[in-house]
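Hi there,

Here is the structure I promised to pass on to you. Have a look through it first, and then read my notes below.

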Amino acid sequence: MSDPRDLRRVVELARIAEDAGVAAVMMGEHVVMGPNSAKNGAPENPRDFAGAFNQPPRFPYPGLMPVLGAVAAATSRIQIFAAAVLATLRPPLLIAKELATVDLLAQGRLSVVPTVSWQAEEYAALGIDFHQRGKMLDEHLEIWHRLWTEGSPVSYDGRFYRFSDIYVEPAPHQAGGPEIWVGGRDLSPYIIRRIVRYAKGMFPLRPPGDEQMAELADAMKAAGRDISELKKMAELPIPPFTGSTDVLDLDAAVANAPDMVAKGYTTLVVKPSMFIDDDAQFGDFCRDAVRKLDAAARG
């Protein structure tokens with residue numbers, strides 16, 4: 001909707017969203033892109049969600065932490081989601097420091113969705129073993145948990161990371177650190193394990209079925225937690241694009257909201273650029289979306 005090099009405008013759009021009553025803003029990342037990042041072809045309509053292997057390598061992902069820090073400083077109420085953070089592309093103490101800094105700027109409004117991504121070339125370019133990324137993420141989460149619940153100094157002796165009596169200051173604004181949300185393609189055993197151990201919320205790429213949710217509920221119960229305490233977020237289901245130049249109809253998308261609310265989803269993700277092309281319309285779109293989604297949620 002706007003010049004990708006005008007990052008101040010991105011920050012201003014977050015402030016406009018806050019004034020319009022939007023609950024949260026979200027930003028993801030790639031650190032670098034490889035030549036095969038679009039080997040499956042770019043989306044026919046550039047407004048569509050980008051997925052694995054359909055992202056042009058020149059897509060301008062700005063640095064996640066600097067932009068989120070700027071958004072945090074420019075706003076006062078809106079929740080800020082680092083979603084998704086490709087955690088294993090950085091050492092765990094470095095990213096913990098960055099997240100704590102953003103959370104301080106946000107005065108406790110930061111939530112984090114840590115994941116590992118799909119692009120082997122990105123890992124290779126940064127000198128990181130792509131095939132160990134899941135196990136590395138588990139160590140990240142354990143290190144963050146220790147650091148943010150026990151405080152400095154922190155020690156760890158794992159397979160990938162080892163250090164003793166290290167101080168990482170200042171601590172995040174939130175006691176226990178930023179909220180961790182866990183997402184993935186489905187509720188695989190390792191996703192369930194991470195949710196049970198660390199998560200305040202879940203953000204699946206597609207809503208799990210009843211059987212998977214029952215497995216998660218049983219796992220949480222076994223760990224002394226209740227699934228009712230878990231916050232749930234999902235993309236608002238949208239009708240498909242019919243061509244390469246059309247925008248979507250907000251009312252058609254909002255029609256799916258009651259079903260999502262009935263399934264327990266209290267945060268629904270909307271990508272404004274699917275519905276408008278001009279960022280001058282952004283404030284009006286946000287107010288319209290909030291009003292219509294609130295009405296749909298109330299039935």
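Asp165 is not a glycine, yet its phi is positive, at about 50 degrees. Please keep in mind throughout that this is a predicted model, and that every value here was computed from it.

Gln107 is another non-glycine residue with a positive phi, here about 55 degrees. You will find Gln107 in the loop that runs between helix 3 (92–106) and strand 3 (110–115). Is Gln107 buried or exposed? Gln107 is exposed, with 58% relative accessible area.

While we are on the backbone, there are cis peptide bonds to flag as well. One joins Ala83 and Ala84, with omega at about 0 degrees, and Ala84 belongs to strand 2. The bond from Ser152 to Pro153 is also cis, its omega being near 0 degrees. Pro153 is in the loop between helix 5 and strand 4 (154–157).

In what order do the strands of the open sheet run? There are seven of them, arranged 1-2-3-6-7-8-9, and their pairing is parallel. Strand 1 (24–27) and strand 9 (267–269) are the edge strands; each has a single partner strand, so one side of each has no neighbour in the sheet. Helix 2, residues 64–74, packs on this sheet and touches both strand 1 and strand 2 (79–86). The direction of helix 2 makes about 175 degrees with that of strand 2.

Further into the order, strand 6 (residues 179–182) pairs with strand 7 (residues 201–202) through two bridges, in the parallel sense. Val182 stands opposite Met202 of strand 7, and both of these residues turn up again in the lining of the largest cavity.

Which residues line it? Besides Val182 and Met202, the lining includes Gly183, Gly184, Asp186, Leu187, Ile191 and Ile195, along with Phe203 and Pro204. By class, that lining has seven nonpolar, two polar and one charged residues.

Helix 5 gives the largest share, with five residues.

Lys200 lies in the loop between helix 6 and strand 7. With a relative accessibility of 45%, Lys200 counts as partly exposed. Beyond its neighbours within four places in sequence, Lys200 is in contact with Glu179, Ile180, Glu229, Leu230 and Lys231. Lys231 is 31 residues from Lys200 in sequence, while their C-alpha atoms are 6.2 Å apart in space.

Finally, a note on Ala38, which lies in the loop between strand 1 and helix 2. Ala38 counts as partly exposed, with 23% relative accessibility. Setting aside residues up to four places away in sequence, Ala38 touches Phe53, Asn54, Gln55, Pro56 and Pro57. Between the C-alpha atoms of Ala38 and Ala255 the separation is 32 Å, and the two are 217 residues apart along the chain.

That is everything from my side. Happy browsing, and do write back with any questions!

Best wishes

Notes
Residues are numbered from 1 along each chain as its sequence is written. This is a predicted model: local features need pLDDT of at least 70, side-chain atom pairs count only at pLDDT 80 or more; totals for chains, interfaces and linings use all residues. Side-chain values use heavy atoms; hydrogens and water are left out. Two strands pair if DSSP finds at least two bridges between them. Helices (H or I, at least four residues) and strands (E, at least two) are DSSP runs, numbered from the N terminus. Contact means heavy atoms within 4.5 Å. Axes are lines fitted to C-alpha atoms, for helices over the stretch in contact, and angles run from 0 to 180 degrees between N-to-C directions. Buried means under 20% relative accessible area, exposed over 50%, partly exposed in between (1.4 Å probe, protein chains only). On a 1 Å grid over the protein atoms alone, a cavity is a set of points where a 1.4 Å probe fits but cannot get out, and a pocket is an open set with protein on both sides within 12 Å along at least five of seven lines; lining residues have an atom within 4 Å of a point. Ala, Val, Leu, Ile, Met, Phe, Trp, Tyr, Cys and Pro count as nonpolar, Asp, Glu, Lys and Arg as charged, and the others, Gly among them, as polar.
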